[in-house]
Amino acid sequence: MKTHIAPEITGVLHAAAEAAAWAPSVHNTQPWAFAVSGDELCVRADPDRKLRLGDETGREMLIGCGAALLNARIALRAAGYEPLVRVLPDPDRPSLLATVRPGPQVAADEHTALLRAEIERRRTHRAGFSDVPVSDELLEELVAQPAAEGATLTVVRSPAAVRVLAALTAAAQEIQSQDRRFSLEVMRWARPPASPRADGVPADAYPREAATTEPHFAQRDYADGHGWGGDADQRMATSTGTVAVLTTPDDTRQAWICAGQALQRMLLHASAYGVSAAFHTQALEMPLLREVLRQELCSGEHPQMIMRLGVALDEAPTARRPLAETLEEDPGPRPGAPGAG
């Protein structure tokens, strides 16, 4: 016998799924799927959207899904419900990463409203930044956001450490670019101009000729010699910005989901104050380089994201798949579940 669910709860869960789908993901792969089952929103990984070469373990996929989970939590709280979350609730279903239910009604606080407003506004940056600095006060606020989720954001203030991160990023980019299979995997998610696709990286989401920063953090070559890229004037976008590394004490699937939630909380807070992030995951996709970073720069913690933070002069376009492609309607109670006939 199917339990009756109030229509307003179903609507809240659908809105949470729609918010979740605005999370960032590597190459905008959007590696998630959602299902509403009764009064629960299920967040699942979509293995067909995992990078086979660049993300063999699924770490980046789960970070993206963790960011989606954070969006769903914020949407529920903003709608007036305490989100009740279970992470990795069923060992027999590894693709089921989390379930979220609307709990007791609560009044949304000011910070929740601020984060909720940024879910659809936040954009990933793929070039240099303006010379407007990120204030120390704001950096302290950004550091506090991942801490609330059990992760650590470290602002890299040592010029030598910044140069090391830039050099390892460049080395990883060079190695990956020599592997034709790896390049083809990246190109799978590169959208040509005027492409109708609702995933991947649009051709005008990065500059055709990016200004060189010092030190320079290598960008992905989504154009692959095609001459794609936006025509935004990059002459003033010459700052590297503030370099930061997100780490976790453990390196489990649960830690990766935690890292995604921590990252997204920080990104939304940054976006509310006009700060964007550029991601550099190349070195983290190579186990040997990632281990060097863990031991030499991260005090033994596991690096989950390298990023630059700054004020962007332009806002890159983005795209998301329609909700109908990512959300499965209630399939009814599972066999053996309470209420199943």
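Select Pro83 first: its bridge partner in β4 is Pro102. The model on display is a predicted one, and residues are numbered from 1 along the chain as its sequence is written.

**The sheet around β4**

Strand β2 pairs with β4 in the antiparallel sense, over four bridges. Select Leu41 here, and Val100 of β4 will be found opposite.

How enclosed is β4, which covers residues 96–105? Seven of its ten residues are buried, so the strand is largely enclosed by the rest of the structure.

Now display the whole sheet. In what order do its five strands lie? The order is β3-β4-β2-β1-β9, in an open sheet with mixed pairing. Strands β3 and β9 (327–328) form the edges, each pairing on one side only.

**Salt bridges across the chain**

Turn to the charged side chains. The whole structure contains 17 salt bridges, and the next selections take up some of them.

Begin with Asp39 and Arg101, whose side chains meet in a salt bridge at 3.7 Å, N to O. Asp39 belongs to the loop between β1 (32–37) and β2, while Arg101 belongs to strand β4, so the pair ties together parts 62 residues apart in sequence. Both ends can be inspected for accessibility: Asp39 is partly exposed, with a relative accessible area of 29%, and Arg101 is partly exposed as well, at 30%.

Move on to Asp199 and Arg49. Their salt bridge has its closest N and O atoms 2.9 Å apart. Asp199 is placed in the loop between α6 (180–188) and β6, and Arg49 in the loop between β2 and α2; the pair therefore ties together parts that are 150 residues apart in sequence. Are these two residues buried or exposed? Asp199 counts as buried at 9% relative accessibility, and Arg49 counts as buried at 14%.

The next pair to select is Arg220 and Glu285, a salt bridge in which the closest N and O atoms are 2.7 Å apart. Distant parts of the chain are linked here: Arg220 lies in the loop between α6 and β6, and Glu285 in the loop between β7 (276–279) and α8 (287–296), 65 residues away. Arg220 counts as buried at 15% relative accessibility, and Glu285 is buried with a relative accessible area of 12%.

Select Arg59, which is located in helix α2, residues 59–78.

Then show the surroundings of Arg59. Leaving aside neighbours within four places in sequence, Arg59 is in contact with Asp251, Trp256, Leu284, Arg290, Pro303 and Gln304.

Select residues 136–147, helix α4. At 1.5 Å a residue, its twelve residues should span 16 Å, and the end C-alpha atoms are 17 Å apart, which agrees. Colour Leu138, Leu139, Leu142, Gln145 and Pro146, the buried residues of α4. Viewed down the helix axis, these buried residues fall within an arc of 110°, so they line one face of the helix.

Which exposed residues does the face turned away from the buried side carry? They are Glu137, Glu140 and Ala147.

Included among them are α3 (110–118), β5 (152–155), β6 (242–248), α7 (253–272) and β8 (302–310).

**Last stop: helix α1**

Finish at residues 7–20, helix α1. The helix has 14 residues and reaches 20 Å from its first C-alpha to its last, close to the 20 Å expected at 1.5 Å a residue. Colour its buried residues, which are Ile9, Val12, Leu13, His14, Ala16, Ala17, Ala19 and Ala20.

Key:
This is a predicted model: local features need pLDDT of at least 70, side-chain atom pairs count only at pLDDT 80 or more; totals for chains, interfaces and linings use all residues. Side-chain values use heavy atoms; hydrogens and water are left out. Helices (H or I, at least four residues) and strands (E, at least two) are DSSP runs, numbered from the N terminus. The expected span of a helix is 1.5 Å times one less than its number of residues. Buried means under 20% relative accessible area, exposed over 50%, partly exposed in between (1.4 Å probe, protein chains only). The arc is that of the directions from the helix axis to the C-beta atoms. Contact means heavy atoms within 4.5 Å. Two strands pair if DSSP finds at least two bridges between them. A salt bridge is a side-chain nitrogen of Lys or Arg within 4 Å of a carboxyl oxygen of Asp or Glu.
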